[in-house]
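The sequence and the model are shown first.

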Amino acid sequence: MPVSFRVSTIEKYHSSPVAGHFGTKKTEELLSRFYYWPNLHEDIEQFIKSCIICATRKDATHAPYGLNQLTNTPSLPWTNLNVDFITDLPESSNFTTIMNVVEQFSKMLHLCKIIRLYI
């Protein structure tokens, strides 16, 4: 099939009202019944990735978001701490990890450099 007709042919099998904006597999299945050209799969993928209607109407594939939960604010300092590690950083003076400690009462941040974290 000539290159000039490929986009219009994919559009016919993907975007027409009868086709209904199927995904890559279904569009390729329908199209390959009647046509073949080298890189058919890649051309279909590229066309569907650039389809504005598919991008705007795509359903979420994750579970629904939960309700926001309020956290209890501590009444005294240093009773609740959050600790996070930033690992695999480029070496600087033999240190490759940063430990973040956030004190929840005052929201004070403490950063500690660590040589290496072994987990």
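Which side chain meets that of Arg 33 in a salt bridge? The partner is Glu 29, with a separation of 3.2 Å from N to O. The model under discussion is predicted, and every value below is computed from it.

## Salt bridges

Two salt bridges are counted in the model. One joins Arg 6 to Asp 43, with 3.9 Å between the closest N and O atoms. Asp 43, at 27%, is partly exposed.

The salt bridge between Arg 33 and Glu 29 has an N to O distance of 3.2 Å. Arg 33 is exposed, with a relative accessible area of 54%, and Glu 29 is partly exposed at 40%.

## Aromatic cluster

Tyr 13, Phe 34 and Tyr 35 make up one aromatic cluster. The model has two aromatic pairs. In the pair of Tyr 13 with Phe 34, the ring centres are 6.4 Å apart and the planes make an angle of 35 degrees, a tilted arrangement. The two residues come from distant parts of the chain: Tyr 13 is in helix α1 (residues 3–14), while Phe 34 is in the loop between α2 (24–32) and α3 (40–49), 21 residues apart. Tyr 13 is buried, at 15% relative accessible area, whereas Phe 34 is exposed, at 60%.

Tyr 13 also pairs with Tyr 35, here in an edge-to-face arrangement with 6.1 Å from centre to centre and 80 degrees between the planes. Because Tyr 13 lies in helix α1 and Tyr 35 in the loop between α2 and α3, this pair ties together parts that are 22 residues apart in sequence. Tyr 35 is partly exposed, with a relative accessible area of 28%.

## A charge over a ring

Which residue lies over the face of Phe 22? Lys 26 takes this position, at 5.7 Å from the ring centre.

## Cysteines

A disulfide is a covalent bond between the sulfur atoms of two cysteines. How many disulfides does a search of the whole structure find? The search returns zero. For Cys 54, the closest cysteine sulfur is that of Cys 51, at 3.5 Å, which is too far for a bond; the cut-off applied to a pair of cysteine sulfur atoms is 2.5 Å. Another cysteine, Cys 112, is partly exposed, with a relative accessible area of 31%.

## Nonpolar surface patch

Trp 78, Leu 81, Val 83 and Phe 85 make a nonpolar surface patch of about 390 Å². Of these residues, Phe 85 is placed in strand β1, which covers residues 81–86. Phe 85 is partly exposed, with a relative accessibility of 39%. Trp 78 is located in the loop between α4 (52–56) and β1.

The C-alpha atoms of Leu 81 and Met 108 are separated by 9.8 Å, and the two residues are 27 residues apart along the chain. Met 108 lies in strand β3 and is partly exposed, at 43% relative accessible area.

## Positive phi angles

Most residues other than glycine have a negative phi. Trp 78 has a positive phi of about 65 degrees, although it is not a glycine.

Where is Lys 107 found? Lys 107 is in the loop between β2 (97–103) and β3 (108–114). With a relative accessibility of 56%, Lys 107 counts as exposed, because the exposed class begins over 50%.

Technical notes: Residues numbered from 1 in each chain as written. Predicted model: local features only at pLDDT ≥ 70, side-chain atom pairs only at ≥ 80, totals over all residues. Heavy atoms only, no water. Patch = residues over 30% accessible without salt bridge, like charges linked within 9 Å, V, L, I, M, F, W, Y side chains within 5 Å. Areas by Shrake-Rupley, 256 points an atom, 1.4 Å probe, with all protein chains shown as cover. Salt bridge = Lys/Arg side-chain N within 4 Å of Asp/Glu carboxyl O. Helix = DSSP H or I, 4+ residues; strand = E, 2+ residues; numbered from the N terminus. Buried < 20%, exposed > 50% of the residue type's maximum accessible area, 1.4 Å probe, protein only. Phe/Tyr/Trp six-rings, centres within 6.5 Å; stacked < 30°, edge-to-face > 60°. Lys NZ or Arg CZ within 6 Å of the ring centre and 35° of its normal.
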